[in-house]
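Have the sequence and the 3D view at hand as you read.

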Amino acid sequence: MTAAAPSAASRIAVVTGASSGIGAATARGLAAAGYRVVLTARRKDRIEALAKELTAAGHSATAYALDVTDRAAVNEFATAFRTIGVLVNNAGGALGADPVATGDPEDWRRMYETNVLGTLHVTQALLPALTASGDGTVVVVSSTAGHGTYEGGAGYVAAKHAEHVLAETLRLEIVGTPVRVIEIAPGMVKTDEFALTRFGGDTAKAAKVYEGVAEPLSADDVAETITWAVTRPSHVNIDLMVVRPRAQASNTKVHRDAR
């Protein structure tokens with residue numbers, strides 16, 4: 001099945017957390033699919049470089065430095081749009097892997113603010129413009145962590161479960177409007193920053209996450225899935241898609257080659 005080209009009224013796609021990893025790859029995918037992409041992230045230099053890359057390739061891209069946890073800044077950002085077609089809520093991440101008994105409440109707070117409240121802020125602010133397009137799509141990039149618990153992951157699991165519930169509830173509440181709600185839940189994805197950020201820059205701990213796994217998912221794998229879901233015909237809604245590498249059967253069952 002070929003991808004559906006975005007209509008004139010719905011060809012703007014906003015991607016949060018577009019400075020690296022899944023967000024940057026998704027921006028590339030949507031740009032190639034014909035969307036005018038708006039790249040948002042806190043790291044202005046990263047998204048400006050990506051915007052230049054996409055523009056040089058003949059696509060339309062704009063960079064906008066934005067912290068999704070800052071509601072006033074998000075509201076100001078939203079005033080720039082009368083209509084948009086796609087919002088990809090990708091900004092988020094994990095911090096720490098401590099058990100509940102010793103987990104850092106500050107890490108939990110930061111994960112909740114970025115993953116959950118950040119998604120809430122941007123979705124609320126842009127929902128009128130998505131609706132006004134007549135053909136809007138909200139994408140929530142959650143995680144398999146939001147669908148199954150594992151030891152040492154309670155803070156991240158809680159945040160991602162909340163994100164899953166946000167998407168599920170929004171879909172119920174806006175049914176009948178011209179806006180789809182899609183949730184993409186990736187499993188093990190190897191990017192340059194996710195595990196490194198989670199373990200505070202500890203390269204040994206970050207490497208151990210993927211140890212013995214020949215082919216974890218890449219950012220491009222997830223981005224292709226997001227782009228595919230977004231470019232389905234307007235009446236087709238991919239409610240939830242769980243995407244894992246073949247070596248991962250669950251959050252706690254991973255095949256690792258012997259060393």
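Start with helix H1, residues 21-32, and helix H2, residues 44-56: in this predicted model, the two pack with their axes 11 Å apart, at an angle of about 25 degrees. Angles under 35 degrees count as roughly parallel, so H1 runs roughly parallel to H2. Look at the handedness too: H1 and H2 make a right-handed crossing.

Now zoom in on the side that touches. H1 brings Ala24, Ala27, Arg28 and Ala31 to the contact, and these meet Leu50, Glu53 and Leu54 from H2. Sort those residues by class and you get five nonpolar and two charged, with no polar ones.

H3 passes H4 in a right-handed crossing.

Which residues in H3 meet H4? They are Arg71, Val74, Asn75, Phe77 and Ala78, and on the H4 side you'll find His121, Val122, Gln124, Ala125 and Leu126. By class, this contact of H3 with H4 holds six nonpolar residues, three polar ones and one charged.

Definitions and conventions:
Residues are numbered from 1 along each chain as its sequence is written. This is a predicted model: local features need pLDDT of at least 70, side-chain atom pairs count only at pLDDT 80 or more; totals for chains, interfaces and linings use all residues. Side-chain values use heavy atoms; hydrogens and water are left out. A crossing is left-handed if the near helix is turned anticlockwise from the far one by less than a right angle, and right-handed if clockwise. Helices (H or I, at least four residues) and strands (E, at least two) are DSSP runs, numbered from the N terminus. Contact means heavy atoms within 4.5 Å. Ala, Val, Leu, Ile, Met, Phe, Trp, Tyr, Cys and Pro count as nonpolar, Asp, Glu, Lys and Arg as charged, and the others, Gly among them, as polar. Axes are lines fitted to C-alpha atoms, for helices over the stretch in contact, and angles run from 0 to 180 degrees between N-to-C directions. Angles under 35 degrees count as roughly parallel, over 145 as roughly antiparallel, 65 to 115 as roughly perpendicular and the rest as oblique.
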